[in-house]
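Welcome! Here is a friendly first tour of the structure shown below, with a few lead sentences and then some points grouped by topic.

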Amino acid sequence: MRCLQDFLQETQQSGVAIGHFNVSDLVLLKAVFAAARELNVPVMVGLSEGEREFVVTREIAAFVRSLREEFGFPIFLNADHTHSLAKGIEAAKAGFDSIVFDLSALPIEENMRQTKQAVEALKAIHPSMLVEGEIGDIGTGSEIHDVSPELFKGLSTAEEATQFVETTGVDILAPAVGNMHGMLKSMVRGETKKRLDIERITAIKRAARVFLTLHGGSGTDDEDLRKAIGAGINIVHINTELRVAWRRGLEHGLAKQPDEVVPYKILPSAVESVKQVVASRLKLFNGEGHFAQRT
Ligand SMILES: [Zn+2]
């Protein structure tokens, strides 16, 4: 099986992006895997520190490895938003394919100093593990927010991105380009969309020349996502949209069988609901025309 780096290079050459979906239970993992297999596109699943605490780092690594081996399918595992080297080392030892080492809340100099140390320490344990660094402010929490953070204050510049990449040696960079973690209520209702600063992405890509990740992709305007991928985004993270679908699917499964207690009869509604969201996002990230031609 080729590694994540190979798939990033291949998708970059084809002008498409890899979808990254957060999972924190078997329903979400089954849904992501089923959608990616149906469309036959590489996929990343990620777990933040909180999600890893619930699922357990070594166990999710074993599960994803098992799927990859049994089906010979390119599903990769990412240690999303890791704030300490100790948690990063735990993920590296468990065999995660990549890590988001996120010290973006610190001043940039301190962020660079500690991220550089993390790159060296993690690659010493797991040489092919890809390390992603974070700059700028895109808010926290893949949840439903009442008010939007003031994103314009924390937007990344091309100079900052270049300096960060050169100093730290990260493989992947996550800049702040109008994206935001979580969704506003109006976005969940479909009344408003996040908009991205495409020119900023183009400038950062041209200057920093690394793989770029877009965090907080839920609720983003479809056309902006297409343009962002065209401008150099390689990985798009979707979490909140899946969580909304998970809850709706679960509620539907419970409501339609009020006396049912068998989990594997209730939970397929949640799997199906999440799978639909994942499939529609994967089609967009991988170029919809491609799937239209095949069907
Ligand atoms: Zn994120």
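## A first look at the strands and helices

Strand β3, residues 75–82, pairs with strand β4, residues 98–101, in the parallel sense over three bridges. Within this pairing, N78 stands opposite S98 in β4. Please keep in mind that this is a predicted model.

**The barrel**

- Eight strands close into a barrel, and their order is β1-β2-β3-β4-β5-β7-β9-β10.
- The pairing in this barrel is parallel.
- On average, and ignoring direction, neighbouring strands of this sheet are turned by 25° against each other.

**Helices on the sheet**

- Helix α4 (residues 57–71) lies across β2 (43–47) and β3, and runs at about 155° to β3.
- Helix α9 (residues 198–208) also packs on the sheet, where it touches β7 (172–174), β9 (211–214) and β10 (233–238).
- The direction of α9 makes about 150° with that of β9.

**Two helices packed together**

- Helix α2 (residues 26–39) packs with helix α13 (residues 268–285) at an angle of about 45°, and their axes are 8 Å apart.
- That angle makes α2 oblique to α13.
- The crossing of α2 past α13 is right-handed.
- From α2, the contact is made by V27, L28, K30, A31, V32, A34, A35, A36, E38 and L39.
- From α13, the contributors are A270, V271, V274, K275, V278, A279, L282 and K283.

Note on methods. Residues are numbered from 1 along each chain as its sequence is written. This is a predicted model: local features need pLDDT of at least 70, side-chain atom pairs count only at pLDDT 80 or more; totals for chains, interfaces and linings use all residues. Side-chain values use heavy atoms; hydrogens and water are left out. Axes are lines fitted to C-alpha atoms, for helices over the stretch in contact, and angles run from 0 to 180 degrees between N-to-C directions. Helices (H or I, at least four residues) and strands (E, at least two) are DSSP runs, numbered from the N terminus. Angles under 35 degrees count as roughly parallel, over 145 as roughly antiparallel, 65 to 115 as roughly perpendicular and the rest as oblique. A crossing is left-handed if the near helix is turned anticlockwise from the far one by less than a right angle, and right-handed if clockwise. Contact means heavy atoms within 4.5 Å. Two strands pair if DSSP finds at least two bridges between them.
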